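This report is a guided reading for someone meeting the structure for the first time. Please keep the sequence and the model side by side while reading.

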Amino acid sequence: MVRRLTEAGHHVVVHDTRPDAARELPAEHTTFAASPKAVGDEAGIVFCSLPTPPIVKEVVLGANGIAAGSKVKTIVDVSTTGPTMAKIISESLAAKSIAWVDAPISGGIAGASNGTLAVMVSCPKQTYEEVEPVLANFGRRFYCGETPGSAQVAKLGNNMIAAGVILLSAEALAMGVKAGLDPTVMCDIINASSGRNSATQDKFPRAVLPGTFDFGFSTALSYKDVRMCVDESENLGVPMVGGSLVRQMLAATNARFGPESDFTSMVRIIEEWAGVEIRA
């Protein structure tokens, strides 16, 4: 995403706790900062992409956080932070006259590289109009309204479904394999039929059928997102029966294969239970 900004002619001030993550960025369009505050001292619009809500809060509001910077006027969070934390941070920043923009993204590594992400946005309309030209570098924008956290609700729902279809597809394909069907043919059938979904169209061909389980999204992050989705849904008084099952499967995957495993490893648990492997 930073590379797309530099290719569009923006100069980007970068801070990452893993310096090697930014080593391939073009030096003529990139300045490296020693802390989140240092980024806020240099940039009026600051983006953050971080793994968990507590980390987002610390990086934004901590003593050495972005909001302590002298130049920052707008903070855009592309993380999956959840609506509760988004509201807390937004209220704290309002006291500092800093605008907060929820802009969670979906579309994976390929979407980030190609500029085809779905970018869900909630913030005041005037702020959206100011940041929309920058967000346009990342993909298709969906304005969700002015309420802080609205875009986060949309993102949590999407991520729950994305994980859920892996589980359902794994069960169906394990049944097919055990009955003697070729899983590649079965995926083709599903994708030409009413059951087609992002798992059988993309995740299974890329990461399950080859047995690599390396789609590019960790079990820990998927588990975190689905857990937040179920919690927020229950807080709103909306039962989430299916989502709760997906959360439990991710908990089992996290325990069995570790938090750094790919979230497609849910399929490996179904394979163990069924006594088959879903392979091309």
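## A buried glutamate and its partner

Glutamate 271, with a relative accessibility of 6%, counts as buried, a word used here for a relative accessible area under 20%, while exposed means over 50% and partly exposed lies in between (1.4 Å probe, protein chains only). The side chain of glutamate 271 meets that of arginine 279 in a salt bridge, at 2.6 Å from N to O, where a salt bridge is a side-chain nitrogen of Lys or Arg within 4 Å of a carboxyl oxygen of Asp or Glu. Arginine 279, for its part, is partly exposed, with a relative accessible area of 22%.

The model is a predicted one, in which local features need pLDDT of at least 70 and side-chain atom pairs count only at pLDDT 80 or more, whereas totals for chains, interfaces and linings use all residues. Residues are numbered from 1 along each chain as its sequence is written, and side-chain values use heavy atoms, with hydrogens and water left out.

## Other salt bridges

Across the whole structure, a search finds nine salt bridges. One of them joins arginine 141 to glutamate 132, with the closest N and O atoms 2.7 Å apart; arginine 141 is partly exposed at 29% relative accessible area, and glutamate 132 is partly exposed at 22%.

Another salt bridge brings together the side chains of arginine 18 and aspartate 16, at 3.8 Å from N to O. Here arginine 18 is exposed, with a relative accessible area of 52%, whereas aspartate 16 is partly exposed, with 29%.

## The two faces of helix α6

Threonine 127 has its place in helix α6, residues 125-135; helices (H or I, at least four residues) and strands (E, at least two) are DSSP runs, numbered from the N terminus. Threonine 127 is buried, with a relative accessible area of 9%, and, when residues up to four places away in sequence are not counted, it touches Thr74, Ala99 and Val101, contact meaning heavy atoms within 4.5 Å.

Which residues of α6 are buried? They are Thr127, Tyr128, Val131, Val134 and Leu135. Seen down the axis of α6, these buried residues fall within an arc of 110°, so they line one face of the helix, the arc being that of the directions from the helix axis to the C-beta atoms. The cover over the buried residues of α6 includes α1 (2-7), β3 (45-48), β4 (74-77), β5 (99-102), β7 (117-122) and β8 (139-145), while Gln126, Glu129 and Pro133 are exposed on the other side of α6.

## The nonpolar cores

A nonpolar core is a set of buried Ala, Val, Leu, Ile, Met, Phe, Trp, Tyr and Cys residues joined through side-chain atoms within 4.5 Å. The largest has 36 residues, of which Leu173, Phe204, Val226, Leu250, Met266, Val267 and Ile278 touch the most other members. The elements giving two or more residues to this core are α7 (150-178), α8 (183-191), α9 (198-208), α10 (219-235), α11 (241-257) and α12 (266-274), and α7 gives the most, with nine residues.

Leucine 250, leaving aside neighbours within four places in sequence, is in contact with Ala163, Thr219, Ser222, Tyr223, Val226, Phe263 and Met266.
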